[in-house]
Amino acid sequence: MRYKMVTTLAPFPSMSASTNSSLTEPQMTAEDQVQQIQLLTSTDDDHGGVIVEMDDPMDSATFVSILRASISHWKQLGKKGVWVKLPIHLVSLVEALVKEGFWYHHAEPKYLMLVYWIPDTANTIPANATHRVGVGALVVNEKREVLVVQEKSGHFQGTGAWKFPTGVADQGEDICVAAVREVKEETGVDSEFLEVLAFRQSHMSFFEKSDLFFVCLLRPLSSDIQIQEVEIEAAQWMPFDEYATQPFMEKYELLKSINAIYLAKSDERYSGFTPVPTASNSSERKNYLYLNADDLKRHNSL
């Protein structure tokens with residue numbers, strides 16, 4: 001871990017006194033002796049706070065001393081939130097941080113993020129991510145056959161139900177990319193993303209988080225099936241009418257609604273949302289805006 005040294009006058013943290021550090025030694029009293037204060041190296045965030053990325057090991061007592069001095073320094077600078085990114089090999093410092101008033105914000109496989117609010121005002125540190133993004137892939141070929149699977153695990157395990165491939169978008173993965181990937185992983189079928197037919201928001205789902213589930217329509221680019229044997233029991237192409245009339249469908253309003261939406265789509269009475277790449281002012285990476293392209297074209301042609 002890197003540190004920075006701040007020259008100040010005892011007692012710390014009198015930042016106004018540091019302007020006198022140019023005084024010669026004979027002019028200074030014992031109380032005015034300059035001392036070097038070791039602080040944690042930090043970077044500013046976009047909302048008046050600081051971010052500390054830990055790396056090198058140290059004992060808890062030394063860490064607490066430097067942490068307290070750093071917080072005093074940041075308070076004098078008017079900083080608000082403090083984010084400490086603690087890698088897994090420094091797990092021994094968690095207790096010290098918690099005892100100093102930090103709390104958990106989120107965890108990833110290689111680090112734990114803890115936060116602290118400095119001023120005596122309402123805490124405005126944003127909550128951890130609240131939603132998980134799931135995708136369902138309705139892949140329909142020219143014969144109006146649906147690509148369906150039976151799962152080895154999950155809600156439908158052992159029921160004999162045939163369902164379309166589903167999964168969760170990876171971090172940094174677009175919905176349209178995730179749908180194509182899930183189809184390929186589960187069935188070996190290559191496909192082309194067409195549009196988002198609909199989406200559902202639910203709550204108190206995975207570890208009490210909310211869930212966004214996007215139902216996507218795809219066109220197959222291949223037909224041969226090679227199942228992912230770890231998760232998938234079987235896969236096949238099934239006529240849509242046979243798929244939609246499976247007995248278990250009657251129990252699920254969501255699935256019945258999706259079937260009705262697809263029928264309206266196939267009769268050209270419904271348009272979903274297609275991805276349009278858009279540039280961001282703050283990043284070179286393109287994002288997707290999902291919109292009803294058919295209605296937009298009709299409107300623009302009037």
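Hi everyone, let me start with a definition: a contact here means heavy atoms within 4.5 Å. With that in hand, among contacts in the chain between residues at least 6 apart in sequence, 63% join residues at least 24 apart.

A word on the source: this is a predicted model, where local features need pLDDT of at least 70, side-chain atom pairs count only at pLDDT 80 or more, and totals for chains, interfaces and linings use all residues. Residues are numbered from 1 along each chain as its sequence is written, and side-chain values use heavy atoms, with hydrogens and water left out.

Now the overall picture. The chain has 6 helices and 15 strands; these are DSSP runs, helices being H or I of at least four residues and strands E of at least two, numbered from the N terminus. Of its 302 residues, 41% count as buried, meaning under 20% relative accessible area with a 1.4 Å probe, protein chains only.

Five strands form an open sheet in the order 3-4-5-7-6, with mixed pairing. Its edge strands, strand 3 (43–44) and strand 6 (103–108), each pair on one side only; pairing takes at least two DSSP bridges between two strands. Strand 4 (residues 50–53) and strand 5 (residues 81–87) run parallel, joined by 4 bridges. Across that pair, isoleucine 51 stands opposite tryptophan 83.

Is aspartate 174 buried or exposed? Aspartate 174 counts as buried because its relative accessibility is 19%. Leaving out residues up to four places away in sequence, aspartate 174 touches Arg285, Tyr288 and Tyr290. Thanks, everyone!

Technical notes: Buried means under 20% relative accessible area, exposed over 50%, partly exposed in between (1.4 Å probe, protein chains only).
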